[in-house]
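Hi,

Here is the structure I promised to pass on.

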Amino acid sequence: MRPLKVQARHEVWPLAESFTISRGSKTAADVVVVSVSDGRHTGHGEAVPYTRYGETVAGVLALIATAGPVTTRENLAQRLAPGAALNALDCALWDFEAKSSGLTAAARAGVSPLKAITTAYTLSLAEPAAMAQKALSVSHLPLLKLKLGGAGDDARMRAVRAARPDARLIVDANEAWTVEVFPSLMAAAEATGVEVIEQPLAQGADEALRSLPRPVPICADESVHISADIARLAGLYDAVNIKLDKAGGLTGGLALHRAARAAGLKIMIGSMVATSLAVAPAMILAQDADWVDLDGPLLLAHDRAHAIDIQSGVMAPPDPALWG
């Protein structure tokens, strides 16, 4: 196959409001968009360089520029490590293959037809009263994800639950808990009906989970990137959060999905804060997920053309004009 023409660019998408987690705040989504073309058909992919994993926009653009000839997803995966650069290129190739073959990406992945799914909506880390107020302001959304930060998390969970007794709740500590506070915060999570807790302990400290009681399931996020990580998680986690930016695209995400299911783990499908173009490939993985957290487009001030339709938290399958 002749090499495809590759173009990559940095885009900035303002957020509707500041987004805060335990590691800091942001007011815009910085994404890298890749296009691959043979002159007749063009595929697109989007990724988010993440500083937690040592990535920058400039670094990801440089990796894409020096990746060598782009022909197939298999060849690409041999030259690039899993991360945002591989994700953008891999998803662009999936889109290119769909457009050039006339067979949707979902069908090529063996997951077709796609059905609508319900996504969580993320509440930014804030004081308990502010998080409760935000939960009330989105009373039409059935599944809420709380960003937590350690001290005061018990009050945050209780405040949101009091404000929204009807809502399903999941929480993400982003590595902010310690072994010392784990029992009391876990008890608060159980008392408030939280369904799952993402990455309570730091990646390098999560071996402690082996001996800690967990009445609420724990989901690995920062501790899992690719399928080879699954073996280490036995006895530590009950679920994994699959993100294409960590796995290196839909190809790596599918492999991680298979490995997680084979290991008896539950699955969350997540994404970074990005546009509908980044979220669309993940919807293939989301079809049988236990939890879906693909609300990036809902956090933007505006989305791109042919955006995924999201009504009351329910995401329709992506328009082929967008991706796939």
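The axes are lines fitted to C-alpha atoms, for helices over the stretch in contact, with angles running from 0 to 180 degrees between N-to-C directions. Helices (H or I, at least four residues) and strands (E, at least two) are DSSP runs, numbered from the N terminus.

Bear in mind that this is a predicted model, where local features need pLDDT of at least 70 and side-chain atom pairs count only at pLDDT 80 or more, while totals for chains, interfaces and linings use all residues. Residues are numbered from 1 along each chain as its sequence is written, and side-chain values use heavy atoms, leaving out hydrogens and water.

Now the helix pairs. Helix 5 (residues 128-137) packs against helix 6 (residues 153-163) at an angle of about 30°, with the axes 8 Å apart. The two are therefore roughly parallel to each other. On the helix 5 side, the contact (heavy atoms within 4.5 Å) is made by Pro-128, Met-131, Ala-132, Ala-135 and Leu-136, and on the helix 6 side by Ala-155, Arg-156, Ala-159, Val-160 and Ala-163. By class that gives nine nonpolar, no polar and one charged residues; Ala, Val, Leu, Ile, Met, Phe, Trp, Tyr, Cys and Pro count as nonpolar, Asp, Glu, Lys and Arg as charged, and the others, Gly among them, as polar.

Helix 1 (residues 57-65) and helix 3 (residues 84-101) have axes that come within 8 Å and cross at roughly 55°, so this pair is oblique. Val-60, Leu-63 and Ile-64 of helix 1 meet Ala-84, Ala-85 and Leu-89 of helix 3. That contact divides into six nonpolar, no polar and no charged residues.

Two single residues are worth a click too. Thr-71 sits in the loop between helix 1 and helix 2 (73-79). Its relative accessible area is 15%, so Thr-71 is buried (under 20%; exposed is over 50%, partly exposed in between, with a 1.4 Å probe and protein chains only). Thr-71 and Met-1 are 70 residues apart in sequence, yet 6.2 Å apart in space, C-alpha to C-alpha.

Glu-11, in strand 1 (residues 5-21), also counts as buried, at 14% relative accessibility. Its side chain makes a polar contact of 2.8 Å with that of Arg-304; the term means a pair of N or O atoms within 3.5 Å, where within protein one must be able to donate a hydrogen and the other to accept it, and residues adjacent in sequence count only if both atoms are side-chain atoms.

Cheers

How values were computed:
Parallel < 35°, antiparallel > 145°, perpendicular 65-115°, else oblique.
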